[in-house]
Amino acid sequence: MLMPYRDIPAEPEVDAPDADTVLLANRVEKTYPNGTHALDEVRLRVQRGDFVSLLGPSGCGKSTLLKMFAGLESPSHGHIRWAGADTPAKSGLKTAMVFQEATLMPWATVQANVRLPLDLAKVPAVDSGPRVQKALESVGLARFGESYPRELSGGMQMRVSIARALVTEPDVLLMDEPFGALDEFTRLRLDADLRALWAQRNGSGQPLSVVFVTHSISEAVYLSSRVVMMAARPGRMVADLPVAEPVRDEEFRLSNPFAAYCRDLSIRLLAASGEQHT
Ligand SMILES: Nc1ncnc2c1ncn2[C@@H]1O[C@H](COP(=O)(O)OP(=O)(O)OP(=O)(O)O)[C@@H](O)[C@H]1O
Ligand SMILES: [Mg+2]
């Protein structure tokens, strides 16, 4: 039996300001200058405190959409709204992005790497020091502030990259396959830590909304409150699956509902790949 999906809305989402909507993509199209039609009529609403995964095959436009939410790309048609505003700056939302590679400065210590966004914002050292330490603690690296990136494992470097994103205390965290290059054990560990971090923020009354890009069905199901599935050529939304389970732990990962979610998404992903427009 297939899971109860919410249909992708046929009508455009309204722009009416809604205190709970942090990100809105409304009928977004993207055609790159070389003619590649990367996104077609994409609609997505991200609510405050959501953990939304974008799941889909290579080339379906996941990174393109994420870059638009980061304000790094513009739609060719349609629009993006940040808490109702037409630019991230006007919205007052703090947005941070984490890429697939840790992209650390190799010549700088872990502390200096994590402090970078605060230095760029000219936050005085007396304030930035404790914030850097808090961000490092939240990713389990409190003791590694003086280390250099080359002295850390790939998983630890990725934790530094996440700490650098968290140090600004963002409202929205945009993550583009952050754990894609890591081995399976490290990835499972970081998935669990990320989910715990998100749950902690949402329990503290300072909700964190996450948009997380992945190729991995099981990772998407484990992490997300919603999995939005995309198909390629042109990139488009094909399904929106709420994952209702409140507790994400090893028991959930080994449970029948988890397997059912994964199986269901696999079937839909295969069906969507077979329906590619030419
Ligand atoms: N700057 C660009 N100029 C031209 N075409 C681009 C550009 N960036 C992406 N594309 C094309 O747009 C489509 C979507 O690319 P995008 O990187 O968003 O996909 P993706 O879903 O993130 O893929 P992957 O899973 O491989 O990272 C692809 O066909 C890609 O070749
Ligand atoms: Mg990508």
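Biologist: Which residues of E8 are buried on one side, and which on the other?

Modeller: In a regular strand, the side chains alternate between the two faces of the sheet. In this predicted model, Arg226, Val228 and Met230 are buried on one side of E8, and Val227, Met229 and Ala231 are buried on the other. Both faces are therefore covered. Because 6 of the 6 residues of strand E8 (residues 226-231) are buried, the strand is largely enclosed by the rest of the structure.

Biologist: In which sense, parallel or antiparallel, does E8 pair with strand E3?

Modeller: Strand E3 (residues 51-55) pairs with E8 in the parallel sense, over 4 bridges. Valine 52 has arginine 226 of E8 as its bridge partner.

Biologist: How many bridges join E8 to strand E9?

Modeller: There are 6 bridges between E8 and strand E9 (residues 236-242), and these strands run antiparallel. Methionine 229 stands opposite alanine 239 in E9. The hairpin of E8 and E9 has 4 residues between the strands, and arginine 233 takes a positive phi near 50° there.

Biologist: How many disulfides does a search of the whole structure find?

Modeller: The search finds 0 disulfides. A disulfide requires two cysteine sulfur atoms within 2.5 Å. The sulfur of cysteine 60 is 18 Å from the closest cysteine sulfur, in cysteine 262, and this is too far for a bond.

Biologist: Is cysteine 60 buried or exposed?

Modeller: Cysteine 60 is buried, with a relative accessible area of 0%. Cysteine 262 is also buried, at 13%.

Terms used:
Residues are numbered from 1 along each chain as its sequence is written. Chains are lettered from A and ligands numbered from 1 in the order in which they are written. This is a predicted model: local features need pLDDT of at least 70, side-chain atom pairs count only at pLDDT 80 or more; totals for chains, interfaces and linings use all residues. Side-chain values use heavy atoms; hydrogens and water are left out. Buried means under 20% relative accessible area, exposed over 50%, partly exposed in between (1.4 Å probe, protein chains only). Helices (H or I, at least four residues) and strands (E, at least two) are DSSP runs, numbered from the N terminus. Two strands pair if DSSP finds at least two bridges between them.
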